[in-house]
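Here are my notes on the model you sent. Please check each point against the coordinates.

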Amino acid sequence: MSTQPMILAKDIHKRFGDLEVLKGIDAEVDEREVVCLIGPSGSGKSTLLRCMNALEKFQKGHITICGHDLTGSKTNVNEVRRDVGMVFQSFNVFPHMRVLDNLTLAPMKVLKVSKAEARERAMALLEKVGLVDKANVYPTKLSGGQQQRVAIARALAMQPKVMLFDEPTSALDPETVGEVLGVMKNLAEEGMTMMVVTHEMGFAREVADRVLFMDGGVVVEQGAPKQIFDDPQHERTQAFLSKIL
Amino acid sequence: MVTPLFAFDFGRDLPPLLRGAGLTIGLVLGSGIAGTIIGLVFGTARSAPLAPIRWLASIYTNFVRGLPILIILLFLYYEIPLLFPYATFSQAITAVIGLSVYSGAYIAEIFRGSIQAVPRGQLEAGEALGLNYVQKMRHVVMPQALKIAVPPGIGFLIALVKATSLVSVITATDLTRAGRNVTSANHEPLATFLVVAALYFVISYPLSLLGRWYERRLA
């Protein structure tokens, strides 16, 4: 069903206690599409992203992702998460495991891949993110940029159909931002379906197929990066971009 | 009649003290190991996702931590056999059971704290990879939590060495009771209890060294 979008979110409402952080979000990501979510802090971008793999529950609305209906009470979230990779702002690599074991854990335990095959796949991914020589090192010995590349490779080891990125470069030293964005750009060029929450406007402009601007729990405006960045229609988008660009 | 200042006769008085020290070491090992197993189970239960499991586990830890060990030991030794005649055990076994129940509650709280000290992001990373609860606990949370639990755990074991002295109330001949027995024969409490104190130190100091070695290894 290639006509079905990879992610389809309809009228998502999410509240933390009395605070409504998502006020009816509609969003769509097609196969092989890269969608960037931008907007001020507290606008609900990360929360929306985290709803996509059920790290957050939402109170109202529907999400279908990779053919799984997240609203169904019978949905096994672990099955959904096999198909959906996620990269966090704080990397969250496993500090008690060598880099290679970080990459082989989930494929072996969740997908029941053999150790040899998992290792082979892991080495290929480390090659791809430029960290083959770090396979047997503990992540605490790595820089932030290297840790984040390990985290990306770890997510890719599950061979996901969609990748979610939650501000992947916000916790990085400026000089290591580029290496992480480079890996993400390659991934996009290979046709990975991606949803990226980011403050890197250069990346959004260059790599995204579509940009969603969120503010106050709603999608204010969306469109091609060129249109959003060069000719924003909504005054909140204009105000945000004028502060940040 | 002049009482000799040091009537402590090593050949006569040391062997019973060493036997007492042997029981003390046995109590620490037995209840330390059993308490760690109980603590792992209840500490994990105390941080379980299901609220009823957390409540059940907290009944045990809060109840036991609210009781003096003396009361636990006296109850097990003198009352339980009246209620359940089949549950009559020797002093040593009763002492191990009592100390294990006591240790389990404290160690459970140490594990609960350590599990909760593992950063949330680690759990989320495990979840995002599709690991189920057991896999996430086993491969992501526990290895990190156990490391965090080692220093307070060793601290507790050192305290446990000293707590075992309370088993003398149920007439188990541990190091403290052996000291009292020897004293009543040689009438030399000062020297006898200095030896007793030295033996307690010899038992607990290696644990301190273990703790220091562990912390240096982590640094």
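1. B:Phe156 is buried, at 9% relative accessible area. Buried means under 20%, exposed over 50%, partly exposed in between (1.4 Å probe, protein chains only). B:Tyr106 is partly exposed at 25%.

2. This is a predicted model: local features need pLDDT of at least 70, side-chain atom pairs count only at pLDDT 80 or more, and totals for chains, interfaces and linings use all residues. Residues are numbered from 1 along each chain as its sequence is written, chains are lettered from A and ligands numbered from 1 in the order written, and side-chain values use heavy atoms, without hydrogens and water.

3. Over all chains there are eight aromatic pairs. Rings of Phe, Tyr and Trp (its six-membered ring) pair if their centres lie within 6.5 Å; planes under 30 degrees apart count as stacked, over 60 as edge-to-face and the rest as tilted. B:Tyr106 and B:Phe156 are stacked, 5.7 Å centre to centre with 15° between the planes. B:Tyr106 sits in helix H4 (residues 91-117) of chain B and B:Phe156 in helix H6 (residues 133-163) of chain B, so the pair ties together parts 50 residues apart in sequence. Helices (H or I, at least four residues) are DSSP runs, numbered from the N terminus.

4. Ring pairs join B:Tyr102, B:Tyr106 and B:Phe156 into a cluster. B:Arg65 lies over the face of B:Tyr106, 5.9 Å from the ring centre. The criterion: NZ of Lys or CZ of Arg within 6 Å of the ring centre and within 35 degrees of the ring normal.

5. In chain A, A:Arg154 lies over the face of A:Phe94, at 4.4 Å from the ring centre.

Terms used. Helix = DSSP H or I, 4+ residues; strand = E, 2+ residues; numbered from the N terminus.
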